[in-house]
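Let's take a friendly walk through this structure, with the sequence and the 3D view at hand.

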Amino acid sequence: MDRDTSLYAEYLLEREGISLISNEHGFATYRKLDTGDYWMMDVFVKKQKKSNSGWSGRRAGVAHQLSRDIAAIAKKDGANFLVTSICLDVNGVTESMKAILGDGFRYANSNGNMLFFNKSLVGEI
């Protein structure tokens with residue numbers, strides 16, 4: 001998966017320093033932190049659909065693949081950790097937490113309504 005080159009992706013990168021990767025089923029945003037590690041900020045995957053070629057969307061491994069793609073970019077850049085978070089005030093908290101923990105992230109800490117998780121990239125990928 002390559003970095004998204006859409007106008008919105010260009011805007012995010014220029015204005016906020018946020019990169020975006022996508023495929024036909026979803027997208028993820030990420031940025032490099034001052035520590036040298038990477039933060040996977042947002043992941044969105046379309047709802048699951050059945051087609052002639054099988055399942056696509058949620059619970060079909062799309063979010064996991066987006067996470068692996070960002071982890072590969074981060075590791076190539078020398079990062080030791082991939083960090084992600086969940087805001088407890090949005091829809092889908094339980095599903096997001098299941099996906100994050102299932103992807104090998106570990107709880108790191110909390111701050112207000114935010115939970116933070118990290119995954120070591122040392123020896124990964």
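## A salt bridge between Asp77 and Lys32

In this predicted model, Asp77 and Lys32 join their side chains in a salt bridge, with an N to O distance of 2.9 Å. Asp77 sits in the loop between α2 and β6, while Lys32 belongs to strand β2, so the pair ties together parts that are 45 residues apart in sequence.

How many salt bridges does the structure hold? There are three. One of them links the side chains of Glu16 and Arg15, at 3.7 Å from N to O. Here Glu16 is partly exposed, with a relative accessible area of 37%, whereas Arg15 is exposed at 59%.

Asp103 also forms a salt bridge, with Lys119, and the closest N and O atoms are 3.6 Å apart. Asp103 lies in the loop between α3 and β7, and Lys119 in strand β8, so this pair ties together parts that are 16 residues apart in sequence.

## A closer look at Asp103

Is Asp103 buried or exposed? Its relative accessibility is 11%, and buried means under 20%, so Asp103 counts as buried. Lys119, its salt-bridge partner, is buried as well.

The loop that holds Asp103 runs between α3 (93-102) and β7 (106-111). Leaving aside residues up to four places away in sequence, Asp103 touches His64, Ser67 and Lys119. With His64 there is also a polar contact between the two side chains, at 2.4 Å.

## The nonpolar cores

Now for the nonpolar residues. The largest nonpolar core has 20 residues, and Ile70 and Leu82 have the most contacts inside it. The elements giving two or more residues to this core are β2 (26-32), β3 (38-45), α2 (62-76), β6 (81-87), α3 and β8 (114-120). Which element provides the largest share? That is α2, with five residues.

Not counting residues up to four places away in sequence, Ile70 touches Ile21, Ala28, Thr29, Tyr30, Met40 and Leu82. There is also a second, separate core of five residues, among them Ala9, Ile18, Leu20 and Met41.

Notes:
Residues are numbered from 1 along each chain as its sequence is written. This is a predicted model: local features need pLDDT of at least 70, side-chain atom pairs count only at pLDDT 80 or more; totals for chains, interfaces and linings use all residues. Side-chain values use heavy atoms; hydrogens and water are left out. Helices (H or I, at least four residues) and strands (E, at least two) are DSSP runs, numbered from the N terminus. Buried means under 20% relative accessible area, exposed over 50%, partly exposed in between (1.4 Å probe, protein chains only). A polar contact is a pair of N or O atoms within 3.5 Å; within protein, one must be able to donate a hydrogen and the other to accept it, and residues adjacent in sequence count only if both atoms are side-chain atoms. Contact means heavy atoms within 4.5 Å. A nonpolar core is a set of buried Ala, Val, Leu, Ile, Met, Phe, Trp, Tyr and Cys residues joined through side-chain atoms within 4.5 Å. A salt bridge is a side-chain nitrogen of Lys or Arg within 4 Å of a carboxyl oxygen of Asp or Glu.
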